[in-house]
Every structure is written in C-alpha cells, then in structure tokens.
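User: Could you help me look through this model? I'd like to ask about a few residues.
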Amino acid sequence: SYSDILIEREVLMQKYIHLVQIVETEKIAANQLRHQLEDQDTEIERLKSEIVALNKTKERMRPYQGNQEDEDPDIKKIKKVQSFMRGWLCRRKWKTIVQDYICSPHAESMRKRNQIVFNMVEAESEYVHQLYVLVNCFLRPLRMAASSKKPPISHDDVSSIFLNSETIMFLHEIFHQGLKARIANWPTLILADLFDILLPMLNIYQEFVRNHQYSLQVLANCKQNRDFDKLLKQYEANPACEGRMLETFLTYPMFQIPRYIITLHELLAHTPHEHVERKSLEFAKSKLEELSRVMHDEVSDTENIRKNLAIERTIVEGCDILLDTSQTFIRQGSLIQVPSVERGKLSKVRLGSLSLKKEGERQCFLFTKHFLICTRSSGGKLHLLKTGGVLSLIECTLIEETDAS
C-alpha cells in the first residue's frame with residue numbers, strides 16, 4: 001500500500017542520512033590523519049637533520065674524547081637525565097596518538113562492527129543449540145518410536161514434520177565452528193568466505209519454509225492420537241526444552257534468514273567502502289534478500305491455496321471457482337441483506353426488527369475475481385445462494401456516491 005511505501009521510504013531516508021554521517025566522519029578522520037602524517041614527516045626531516053649535525057659533532061669530538069681516559073661524572077649525569085626526558089617525551093607523544101585514535105569516529109565504528117560480530121556468534125550458538133534440542137529431543141526419539149512394535153506415528157509423518165531439520169543442524173554446526181575460528185584470529189575478522197560456503201546450501205531452507213505449514217498441520221493431526229500426544233508431552237517435559245513446545249522449535253528456522261539479513265545490514269553500515277570484505281558482504285546480503293522474497297512469495301501462495309480450499313470445504317454445494325490458483329482471498333464477514341423495494345414501498349418485514357437481522361444476515365467472501373454470498377444453516381454449514389450466490393468482479397464497475405444524503 002501507499003502508506004507502507006511511505007514507511008519504507010522514511011526508513012531508507014534514515015539509513016541514507018546515517019550513511020552520509022558515517023561518510024562525513026570518515027572524511028574528517030582521514031583529514032586529521034593526513035595532517036598528522038604531514039606533521040610526522042616534518043618531524044622526521046627535522047630529526048634527520050639533527051642526527052646529521054650530531055654525527056658531524058661526534059666526528060669532531062672523537063680525537064679529543066679518545067685522548068681522555070675517563071668521562072666527567074657530571075656529563076654522565078646530564079646524559080642520563082637527557083635520555084630519561086627523551087623517553088618520557090616519546091611515550092607521552094605515543095600515548096596522545098593512541099588516545100586520539102581511540103576517541104576517533106573510525107575507532108568507534110570498528111568497535112560497533114566488532115560488537116555486531118560478537119552478537120552474531122552468540123546468536124548462532126543459541127540457534128545451533130535450539131536445532132540440537134529439536135533433533136535430539138524430538139526427531140530421533142520419534143524415529144525410534146515409529147520403528148516400535150506399536151508405533152504412535154508413522155515414518156512418513158515424522159519426515160513431513162521434521163523435513164530437512166537434521167541437515168539444517170549440520171549446516172549451522174559447520175557455520176558456527178567457522179565463526180568461532182574467525183573470532184580466535186581477532187582483531188582480524190574475515191567473514192565473507194563463510195557466507196560463500198553457506199549461500200549454496202540455503203535451498204534446503206526453501207523446502208523447510210515451503211513445508212512449514214504442512215508440518216504443523218500433520219503434527220496437529222498426529223496429536224489426535226492419544227498415545228502420540230502422551231509421548232510428545234513426555235519429550236516436551238525434558239529440561240533441555242525449557243518448557244517450550246515442539247511447534248516453537250519448528251518455527252525457529254523460519255526467522256533465521258531475516259536475522260542474517262538484518263545482521264549483514266548492520267555490519268555493512270559500519271564497514272568502510274574500501275574494506276576488503278564489503279563487496280562480498282553486499283553480495284551475500286543481496287542473495288539472502290532474494291531468497292527471502294522467494295520464500296515469502298511461496299509461503300503466501302501456499303497459504304492462499306489452503307485458505308481457498310478451507311472455504312471450499314465449508315460450502316456444502318462446493319465451489320469450483322475456488323479451485324483456481326490465481327483466485328486470491330481478500331476478506332470475509334457478515335453483511336445484512338436489505339429487503340428489495342417493491343412498488344415504492346419496502347417489504348412488510350420491519351428493518352429494525354431482530355427477525356430481519358437473523359433472516360437477512362449473509363456470510364460473504366471477497367476474492368480478487370469473485371464475490372460469494374452464503375447463508376448459514378442451523379448446523380453451522382454454509383450454502384450458496386441459488387440466485388446471485390457467485391458474483392463475478394471481472395467486469396464490475398465501481399460507482400462512488402458523492403452525495404452524502
């Protein structure tokens with residue numbers, strides 16, 4: 001909608017302003033460093049000239065010093081004090097340079113970038129633990145139960161509920177080990193090659209996301225079996241589950257791809273444009289966003305088909321137009337059918353009476369191509385109106401009444 005586009009535009013403008021501020025701070029830091037380098041070059045040249053002058057002085061004084069058997073004790077004390085002062089000045093100057101860099105915007109940006117990476121490692125560790133609980137506390141015990149003499153669940157249902165869960169766990173265990181290895185080499189953090197390994201394997205997430213609603217439906221059907229429901233409650237009582245249900249663990253992989261996109265977006269916000277990893281991280285973010293859009297579209301299409309079929313099953317006579325995959329459900333609700341006007345007069349039923357509301361109430365369903373009008377029987381079943389129950393919206397004309405009266 002237009003409001004959503006405005007919100008997205010506002011978010012993008014805020015991100016653009018943030019990036020412009022980062023660029024400006026980087027420019028200021030670069031200018032400061034350039035001035036420091038110029039000052040250091042001048043200082044180096046001055047010190048070189050002093051060294052040359054001192055060398056010449058030493059060469060002139062060498063014959064005189066050679067003739068002396070012992071140096072004056074006062075000269076030794078003066079040299080020792082001078083050496084101490086030079087060391088103190090050098091340490092103070094170095095401390096000032098380090099302190100200036102610590103307070104610079106570039107250092108602050110690098111600290112935030114490192115913090116994002118550390119949070120990413122912690123989140124990945126938590127996610128791997130969740131997958132471990134899903135596989136070891138639910139998937140593998142249910143596989144064993146399906147192979148028992150009186151199985152409470154079939155192997156096909158186990159495969160439908162836990163599709164690709166074990167493969168996803170193995171994939172993220174490898175990814176997590178790679179992240180920990182990168183952290184061991186801190187402050188050098190190279191992450192792009194890890195995402196290059198992860199990206200080709202993400203098609204298994206497509207299958208999992210596509211199957212998610214179906215897996216929850218199969219699980220709900222299996223819970224109708226008392227033996228399975230009792231066994232599942234025993235598994236959920238495991239302390240490793242921390243009181244969470246199986247449905248919760250099955251939902252965690254649904255949010256992992258968006259979490260990676262958010263992390264990469266924050267990481268890129270604190271990665272300089274000349275950074276060696278920037279292009280690789282941008283490529284990984286674009287691929288993940290593309291995969292996220294595909295999965296969202298697939299989930300939306302699947303949900304729409306299931307919604308249409310659910311409505312079609314509630315209608316006693318059935319409705320063939322709902323079997324069209326391009327028919328998108330919009331909304332449903334109750335409307336009051338007003339009696340038609342005959343000969344300038346309303347029908348005998350009073351508009352304000354309860355009998356009209358009961359008799360005139362219709363259950364309506366709005367789709368992109370058709371409008372369904374149904375009546376609900378005492379048993380709760382829906383029946384299409386015999387005349388005008390299915391209205392085609394393809395050739396409709398919308399008339400807007402501007403006169404409020």
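User: Is Glu242 buried or exposed?
Analyst: In this predicted model, Glu242 is exposed, because its relative accessible area is 60% and exposed means over 50%. Glu242 sits in the loop between α8 (226-236) and α9 (246-251).
User: And what is its phi, about?
Analyst: Glu242 has a positive phi of about 55°, although it is not a glycine. Most residues other than glycine have a negative phi.
User: OK, what about Asn164, which loop is that one in?
Analyst: Asn164 is in the loop between α4 (155-161) and α5 (165-184), and Asn164 likewise is not a glycine but has a positive phi, of about 65°. Asn164 counts as buried, because its relative accessibility is 17% and buried means under 20%.
User: Switching to salt bridges, how many are there?
Analyst: The count comes to 10 salt bridges. One of them pairs Glu289 with Lys285, where the closest N and O atoms are 3.2 Å apart.
User: Where do those two lie?
Analyst: Glu289 and Lys285 are both in helix α11 (residues 278-314), 4 residues apart, which is about one turn of the helix. Lys285 counts as buried at 17% relative accessibility, whereas Glu289 is partly exposed, with a relative accessible area of 27%.
User: Last one, which residues form the negative surface patch?
Analyst: That patch is formed by Glu38, Asp39, Asp41 and Glu45. Asp39 lies in helix α1 (residues 2-67) and is exposed, with a relative accessible area of 53%.

Notes
Residues numbered from 1 in each chain as written. Predicted model: local features only at pLDDT ≥ 70, side-chain atom pairs only at ≥ 80, totals over all residues. Heavy atoms only, no water. Patch = residues over 30% accessible without salt bridge, like charges linked within 9 Å, V, L, I, M, F, W, Y side chains within 5 Å. Areas by Shrake-Rupley, 256 points an atom, 1.4 Å probe, with all protein chains shown as cover. Salt bridge = Lys/Arg side-chain N within 4 Å of Asp/Glu carboxyl O. Lys, Arg positive; Asp, Glu negative; His and termini not counted. Charge placed at Lys NZ, Arg CZ, Asp CG, Glu CD. Buried < 20%, exposed > 50% of the residue type's maximum accessible area, 1.4 Å probe, protein only.
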